[in-house]
Amino acid sequence: MDAIELGNAAGHREKPTSCADHRALRFLTAGSVDDGKSTLIGRLLYDSRAILADQIDMLEQKAAGAAIDLSLLTDGLEAEREQGITIDVAYRYFATATRKFIIADAPGHEQYTRNMVTAAAGSDAVVVLVDITKLDLSVRPVALLAQTRRHALLAHLLRVPHIVFAVNKIDAVAETRHAFETVRDALLAFAAEAGLDVAGVIPVSALRGDNVTARRQCGADDGYDGPTLLELLERLPVAQEKTDGHLLLPVQYVARDGAAVVDGIGHQPRTLWGRIAHGRVKPGDAVQIFPGGQEARVVEVQRAGDTVPGAEAGQSAGIVLDRQLDVSRGDWIATPRTLRAVQEFPATLAWLDTEPAQIGRKYWLRHGNRWVQARITRIASRLDIHTLQPGAAHELTVNDIGEVWVHTQQPLPLEAYEDNRVGGALVVVDAVSHRTSGALLVKRAA
């Protein structure tokens, strides 16, 4: 399916898609604190009638005749309601006549950036909200907020396929058209410099609902005639796993299937379960186990307890081999001679911990379902999110993005993150505090 290019009065054109995609779209709302993320999601839920009558009654009672606070539909923690902020990622589900959606409402505070990264890792799209009332529109070019730039860059690094900018609170500024075009130009200039593929820039008012689910004029002349946010989200294609090429499957669970004996094996079979990262598998395929390197042949493929002709990327499957091998949780199954286990590799590191990332310090890494100890051997550079230029660094502090070299205690079968989000991603955990400290995205399997 073709990507969508938004149409608006500035000359952008919309490329029609060949067919509708009816699979659920997982999207994330991101941006700086108080940009209106929770209110935007509340508006989507309210206008699409995805909330129960008793919830509406509760909101109306709290409002006591004033405007309903739609953010209460997502901010569920007591601390969130008390402070009027989002702390943890809140997931909500709704559907329209054409599509189902899974929404992740991420916090905007810098100290909760790790929560945003967690939600972005499995998303098909991200809606980055930009509060136009926080920007100095008299300065050219407009200086975007640091968290706006950071969240967009993180979404790009995590290979979220579609990035949408929603310029919020457009109803609160004068000269609406000029204000929107000024901010839109700044966003597109930033995106071009950072290499972001922007699916659209839409002026919205989450509070009033302008251009969220219905086409409404945000002002006397907002200069925008493209689709609403919901219309755009309904058209975006869902990210698909790579089904061609070689097999890659991280083993999550090993099951012994009672006293059954598969024909031709002559022993009690074990089923190796996991979610296929890419490629496909069928009986008769040759496979190799990593990091051990042993080879075998597939004699049976199972899904949900039933024997099937085969399985492909994105599906959870169980594989029975023609010989007994020492395979356990954390191992990888792949097409023979397509992977190489390495102990030292370059990677992009998004650091999320208040304790800085330091050269030589011991960390735990999780790759697929395997845990291994590792050290950062070199910090090559740190990205300046304002200039987008790399600079020298001896450590990475909270919310920094840098290029590093990592040495692991045991070899890992890695792939470049650009090629595969499963085989090329690792979670960094502090060995002492056990906090999730960062996300490693492999540049190449050196």
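Pro141 sits in the loop that runs between strand 4 (125–131) and helix 5 (146–157). Helices and strands here are DSSP runs, helices being H or I over at least four residues and strands being E over at least two, and both are numbered from the N terminus. The peptide bond that leads from Arg140 into Pro141 is cis, and its omega is near -10°.

The model is predicted, so local features need pLDDT of at least 70 and side-chain atom pairs count only at pLDDT 80 or more, while totals for chains, interfaces and linings use all residues. Residues are numbered from 1 along each chain as its sequence is written, and side-chain values use heavy atoms, with hydrogens and water left out.

A cis peptide bond is also found from Phe290 to Pro291, with omega near 10°. Pro291 belongs to the loop between strand 11 (286–290) and strand 12 (295–303).

Lys169 is not a glycine, yet its phi is positive, near 60°. Lys169 is placed in the loop between strand 5 (162–168) and helix 6 (176–194). With a relative accessible area of 27%, Lys169 is partly exposed. On this scale buried means under 20% relative accessible area, exposed means over 50%, and partly exposed is in between, computed with a 1.4 Å probe on protein chains only.

Asn211 is also a residue other than glycine, and its phi is positive at about 60°. The loop that holds Asn211 lies between strand 6 (198–203) and helix 7 (229–235). Asn211 has a relative accessibility of 4% and counts as buried, whereas Lys169 is partly exposed.
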